[in-house]
Amino acid sequence: MAAQATYCVKTEPRYGRGLYATRYLEAGAQVLREDPMVYSLSVGAPVCFSCLSESRGSPLKKCLQCGSVAYCNKECQARHWPQHRLECKGVASMDEGSRANSLRMRLLVQAMYTHGVGGEMYSFGGNDCRCPDVCM
């Protein structure tokens, strides 16, 4: 016997199209879990860009090329490299002020990585930029 679905997608005249429970759900029940398409780390406590753990005691190790990301260890760095590789040279080519304000570029790179857009980006300023709407 197949398990009953917890929810369905339907359109209600008063509320519109949405996700509706098909059975009673206890308070706090998990209905859906999705990984974020992109995320941004807030400036504050040092956080590993791979596992998102806060630095506890030992300092995080910064990327030697761009210095804009940091990791707990070599394993975290290796796991995050396929994504960071897309932004590293571009971030390294920015001046310090632009590097500090590169949130839009970072989110774009994450979205491109998530959706499988390949290729490297070498500069985020001028005519060689692949994403002119993001360049400032």
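A salt bridge is defined here as a side-chain nitrogen of Lys or Arg within 4 Å of a carboxyl oxygen of Asp or Glu, and a search of the whole structure finds 1 of them. The model is predicted, so that local features need pLDDT of at least 70 and side-chain atom pairs count only at pLDDT 80 or more, while totals for chains, interfaces and linings use all residues. Residues are numbered from 1 along each chain as its sequence is written, and side-chain values use heavy atoms, with hydrogens and water left out.

**View 1. The salt bridge between Lys10 and Glu12.** The two side chains meet at 3.3 Å, N to O. Lys10 is partly exposed at 36% relative accessibility, and Glu12 is also partly exposed, at 27% (buried means under 20% relative accessible area, exposed over 50%, partly exposed in between, with a 1.4 Å probe and protein chains only).

**View 2. Leu52, a non-glycine residue with a positive phi.** The phi of Leu52 is about 65°, whereas most residues other than glycine have a negative phi. Leu52 lies in the loop between strand 2 (16-21) and strand 3 (61-62), where strands (E, at least two residues) and helices (H or I, at least four) are DSSP runs numbered from the N terminus.

**View 3. The largest nonpolar core, with 15 residues.** Such a core is a set of buried Ala, Val, Leu, Ile, Met, Phe, Trp, Tyr and Cys residues joined through side-chain atoms within 4.5 Å. Among the residues with the most contacts inside this core are Cys48, Tyr71 and Met105. Helix 1 (74-92) is one of the elements that give two or more residues, and the largest share, 4 residues, comes from helix 1.
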